Amino acid sequence: MPSRLLPIRAPFLTKPTALRFAKHMASNTGKKLIQIDVSSDTVCPWCFVGKKNLEKAMEQTMDKFDFEVRWHPFSLNPDAPKEGVKKSDFYKTKFGPVQFERATARMREMFRGLGFEYDMSGLTGNTMDSHRLITLAGHQGYDKQNALVDELFVSYFCQGKYIGDR
């Protein structure tokens, strides 16, 4: 049976074992494999919303496709302090009080639509360590990486946990 792997050119697939593994995954299910690369920051609420919407789209087409979602680091605020600052204070300073209130109301609405409560309590700060952890999880498998990203997003946006807490 011919492989139904979508043609891609990626450096990591130049190794024969990696290429065989990818073909094997696609041919076992008889579905085409779609690889999705996401550049995201763990303090970006729109990245959380996008992840949830992507998951819904993948669920709707899982009978036709297999998916491999790979997460890559992006820093919205590379100069953010490691020790963290109160989220509400940071965003009020960044956007101003009026825009802060509008954005917070909009995010609460978006999160409720996804079945979550948007929580502005807690601290925000440098996300470098969270990106290091996501990269490490990716070496253990993209399913583990995706689960970790979900856990980090929920912890930060819905439980008020600090993204820089080791």
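**Pockets and helix packing**

A: To begin with the largest pocket, its lining divides into 18 nonpolar, seven polar and five charged residues. Keep in mind that this is a predicted model.

Q: How much space lies in the largest pocket?
A: About 440 Å³. The lining has 30 residues, and those closest to the centre of the pocket are Val43, Pro45, Tyr91, Phe95 and Tyr118.

Q: Which element gives the largest share of that lining?
A: Helix α4, with six residues. At least two residues each come from α2, α3, α4 and α6.

Q: OK, then those helices. Where do α3 and α4 meet?
A: On the α3 side the contact has Ser88, Tyr91, Lys92 and Phe95, and on the α4 side Pro97, Gln99, Phe100 and Glu101. Sorted by class, that contact holds four nonpolar, two polar and two charged residues. Tyr91 and Phe95 also belong to the group closest to the centre of the largest pocket.

Q: And at what angle do their axes cross?
A: Roughly 120 degrees, with the axes of α3 (residues 87–95) and α4 coming within 7 Å. That angle is why α3 counts as oblique to α4. The crossing is right-handed.

Q: What about α2 and α4, left-handed or right-handed?
A: The crossing of α2 and α4 is left-handed. The axes of α2 (residues 45–60) and α4 (residues 97–113) come within 11 Å and cross at roughly 20 degrees. Angles under 35 degrees count as roughly parallel, so α2 and α4 are roughly parallel to each other.

Q: Which residues meet there?
A: From α2, Pro45, Trp46, Phe48, Val49 and Lys56; from α4, Arg106, Met107, Met110, Phe111 and Gly113. Seven residues of this contact are nonpolar, one is polar and two are charged.

Q: α2 touches α6 too, I think. Which residues meet in that pair?
A: In α2 they are Pro45, Cys47, Phe48, Lys51, Lys52 and Glu55, and in α6 they are Asn146, Val149, Asp150, Phe153, Val154 and Phe157. The contact divides into seven nonpolar, one polar and four charged residues. Pro45 and Phe48 are also among the α2 residues that meet α4.

Q: How do the axes of α2 and α6 run?
A: They come within 11 Å and cross at roughly 135 degrees, and α2 and α6 are therefore oblique to each other. This crossing is left-handed.

Q: Changing topic: how many cavities of 30 Å³ or more are there?
A: One. The space in the largest cavity is about 60 Å³.

Q: Which residues line the largest cavity?
A: The lining is made of Ser40, Thr42, Trp71, His72, Pro73, His131, Ile134, Thr135, Val149 and Phe153. Elements giving two or more residues to that lining are β2 (65–73), α5 (128–139) and α6 (142–158).

Conventions
Residues are numbered from 1 along each chain as its sequence is written. This is a predicted model: local features need pLDDT of at least 70, side-chain atom pairs count only at pLDDT 80 or more; totals for chains, interfaces and linings use all residues. Side-chain values use heavy atoms; hydrogens and water are left out. On a 1 Å grid over the protein atoms alone, a cavity is a set of points where a 1.4 Å probe fits but cannot get out, and a pocket is an open set with protein on both sides within 12 Å along at least five of seven lines; lining residues have an atom within 4 Å of a point. Grid points are joined across faces, edges and corners, and a volume is the space filled by probe spheres set on the points. Helices (H or I, at least four residues) and strands (E, at least two) are DSSP runs, numbered from the N terminus. Axes are lines fitted to C-alpha atoms, for helices over the stretch in contact, and angles run from 0 to 180 degrees between N-to-C directions. Angles under 35 degrees count as roughly parallel, over 145 as roughly antiparallel, 65 to 115 as roughly perpendicular and the rest as oblique. A crossing is left-handed if the near helix is turned anticlockwise from the far one by less than a right angle, and right-handed if clockwise. Contact means heavy atoms within 4.5 Å. Ala, Val, Leu, Ile, Met, Phe, Trp, Tyr, Cys and Pro count as nonpolar, Asp, Glu, Lys and Arg as charged, and the others, Gly among them, as polar.
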